[in-house]
Amino acid sequence: MPGAARSCFYSNQVSAYQPAGPRTIYVRASGRRVFRIDLYNDCPVRTGGSLLVEPVTGPICGPLDLNLSVVEEGYRQACHIEAVTALTPMQAAALPRDVRP
């Protein structure tokens, strides 16, 4: 929608993340705000790797604003981002417990 305000966060505001399958990661930023990151490719976050979030510049508002990868045993795999979506408080509260960040 033209002119709509985007909801953004900074990488240093991320307090938790939780994968919800190979192509979705939920991120908690600034305490209560939750964002869904949808990926183009499978990203093996659950296999014990560390999630590496690198902002390109400034706030993270969309898929071109950050680089995301998983590092495991010295190997780094890029996770290509399709979308970054801010959830409403109701949507965040409705997430199953096992995927809440």
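**Figure 1. The disulfide of Cys43 and Cys79.** Cys43 and Cys79 form a disulfide, with their sulfur atoms 1.5 Å apart; a disulfide is here a pair of cysteine sulfur atoms within 2.5 Å. The pair links distant parts of the chain, since Cys43 lies in the loop between β3 and β4 and Cys79 in strand β6, 36 residues apart. Cys43 and Cys79 are both buried. Buried means under 20% relative accessible area, exposed means over 50%, and partly exposed lies in between (1.4 Å probe, protein chains only). This is a predicted model, in which local features need pLDDT of at least 70 and side-chain atom pairs count only at pLDDT 80 or more, whereas totals for chains, interfaces and linings use all residues. Residues are numbered from 1 along each chain as its sequence is written, and side-chain values use heavy atoms, with hydrogens and water left out.

**Figure 2. The disulfide of Cys8 and Cys61.** A disulfide is a covalent bond between the sulfur atoms of two cysteines. The structure holds two disulfides. In the one shown here, the sulfur atoms of Cys8 and Cys61 are 1.8 Å apart. The link of Cys8 and Cys61 is right-handed, with 110° about the S-S bond. Cys8 lies in the segment before β1 and Cys61 in the loop between β4 and β5, so the pair ties together parts that are 53 residues apart in sequence. Cys8 is partly exposed, at 22% relative accessible area, whereas Cys61 is buried, at 10%. When the bonded cysteines are counted along the chain, the disulfides follow the pattern 1-3, 2-4.

**Figure 3. Contacts of Asp65.** Asp65 lies in the loop between β4 and β5 (66-72). Which backbone nitrogen does the side chain of Asp65 reach at 2.8 Å? The nitrogen belongs to Cys61. A polar atom of the Asp65 side chain also lies 2.9 Å from the backbone nitrogen of Gly62. Beyond residues up to four places away in sequence, Asp65 touches Pro55, Val56, Thr57, Pro59 and Ile60, where contact means heavy atoms within 4.5 Å.

**Figure 4. The salt bridges.** Side chains of opposite charge can pair when their charged atoms come close. A salt bridge is a side-chain nitrogen of Lys or Arg within 4 Å of a carboxyl oxygen of Asp or Glu, and the structure holds two of them. Arg23 forms one with Asp42, the closest N and O atoms being 2.7 Å apart. This pair links distant parts of the chain: Arg23 is in the loop between β1 (14-19) and β2 (24-29), and Asp42 is in the loop between β3 (33-39) and β4 (50-55), 19 residues apart. Arg23 is partly exposed, with a relative accessible area of 42%, and Asp42 is partly exposed at 42%. Arg36 pairs with Asp38, where the closest N and O atoms are 3.1 Å apart. Arg36 is partly exposed at 25%, while Asp38 is buried at 17%.

Figure 5. Two strands pair if DSSP finds at least two bridges between them. β1 and β2 pair in the antiparallel sense over five bridges, with Ala16 opposite Arg28 in β2. These two strands form a hairpin with four residues between them, and Gly21 in the turn has a positive phi of about 120°. Six bridges join β2 to β3, which also run antiparallel; Ala29 has Arg33 in β3 as its bridge partner. The hairpin of β2 and β3 has three residues between the strands. Most residues other than glycine have a negative phi. In the turn, however, Ser30 has a positive phi of about 55°. Ser30 is partly exposed, with a relative accessible area of 38%. Thr24, in strand β2, is buried at 17% relative accessibility. Apart from residues up to four places away in sequence, Thr24 touches Pro19, Arg36, Ile37 and Asp38.

**Figure 6. The sheet of β4, β5 and β6.** Three strands form an open sheet in the order β4-β5-β6, with antiparallel pairing. The edge strands are β4 and β6 (75-79), each of which pairs on one side only. Five bridges join β5 to β6, and Tyr75 in β6 is the bridge partner of Glu72.

Key
Polar contact = N/O pair within 3.5 Å; in protein donor to acceptor, adjacent residues only side chain to side chain.
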